[in-house]
Amino acid sequence: MRRTIIMLSAGLMCLTALPADAAAPKPVTVFEDAAGDAGNNGSPIPGSEQGGFDLTAGTIALNGKDLEFTVTHSAMPPVGSMPEAARFMWHFSAGKEQYRFTVKSLDVGKPDAAAGTGTERVGQVYTEGTYRLEQCEEQATPAITLVNCNVVEYLTGSFDPAAKAFTIVLPLSVIKGKPGMEIGGGTSGAASTNCQICWIPHYAERSLSPHTVIDYTAQAVTYKIPKK
């Protein structure tokens, strides 16, 4: 009887250890950026930091069936990074596909004919922010090369001003993600214009130049989706 009790106790100890062994993988830091350099192509402009545009780090983590991309800043106002004033972009690769996120802390839906989304979301206001997953294509013209990005999916996310961060939730199913797939720095869209990862004024998305980028960095670490 005593031996049976000892064996049962050992079994219970193994069971209680399972949750710790099966804990979710820790976030991986994939980029870091110096604080205090937001403003004009690396030249600080007063107010940019307080507006929530001064990037400091980014992480990727697997949470169940979702990837969570979290971006932190040196400061952030209570409303999140200044609503409608600017947008954040993160170009990345997932396997052989190229994508980008576009994020704003507030979105007022309006026509976007250039991106091929004519009347989508017109008249709707998203006070919790907007988190778009897009794919971009280039169209060469005699004068300039146009970059058009179409929405793949509207995602969920959240701004956390107290943590000076926001998080984008990307379901693995959207990118056909599976263990071993690599999430790396993107090369499409505006990635070649100092804007692989960046904050830009809202009006400047399709006319980027070094002087329209508020703060920028690049993904230095490739994230590999772990086994669950």
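In the predicted model, Met89 stands opposite Cys198 of strand β15. This contact belongs to an antiparallel pairing of β6 with β15 (residues 197-201), which extends over five bridges. Strand β6 (residues 86-94) also pairs with β7 (residues 97-104) in the antiparallel sense, here over seven bridges, and Phe88 faces Val103 of β7. The two strands β6 and β7 form a hairpin with two residues between them, and Gly95 in the turn has a positive phi of about 65°. A further antiparallel partner is β14 (residues 182-185), joined to β6 by three bridges; within β14, Gly185 is the bridge partner of Phe92.

Strand β6 is mostly covered, with nine of its nine residues buried. In a regular strand, side chains alternate between the two faces of the sheet. Both faces of β6 are covered: one side carries Ala86, Phe88, Trp90, Phe92 and Ala94, the other Arg87, Met89, His91 and Ser93, and all are buried.

The structure holds 13 aromatic pairs. In one of them, Phe92 and Phe101 are tilted at 35° between the planes, with 4.7 Å from centre to centre. Phe92 counts as buried because its relative accessibility is 0%, and Phe101 is likewise buried, at 0%. A second tilted pair is formed by Tyr131 and Phe159, with ring centres 6.3 Å apart and planes at 40°. Tyr131 lies in β10 (residues 130-140) and Phe159 in β12 (residues 156-160), so this pair ties together parts that are 28 residues apart in sequence. Tyr131 and Phe159 are both buried. Phe92 and Phe101 also belong to one aromatic cluster with Phe31, Phe69, Trp90 and Tyr99.

Conventions:
Residues are numbered from 1 along each chain as its sequence is written. This is a predicted model: local features need pLDDT of at least 70, side-chain atom pairs count only at pLDDT 80 or more; totals for chains, interfaces and linings use all residues. Side-chain values use heavy atoms; hydrogens and water are left out. Rings of Phe, Tyr and Trp (its six-membered ring) pair if their centres lie within 6.5 Å; planes under 30 degrees apart count as stacked, over 60 as edge-to-face and the rest as tilted. Buried means under 20% relative accessible area, exposed over 50%, partly exposed in between (1.4 Å probe, protein chains only). Helices (H or I, at least four residues) and strands (E, at least two) are DSSP runs, numbered from the N terminus. Two strands pair if DSSP finds at least two bridges between them.
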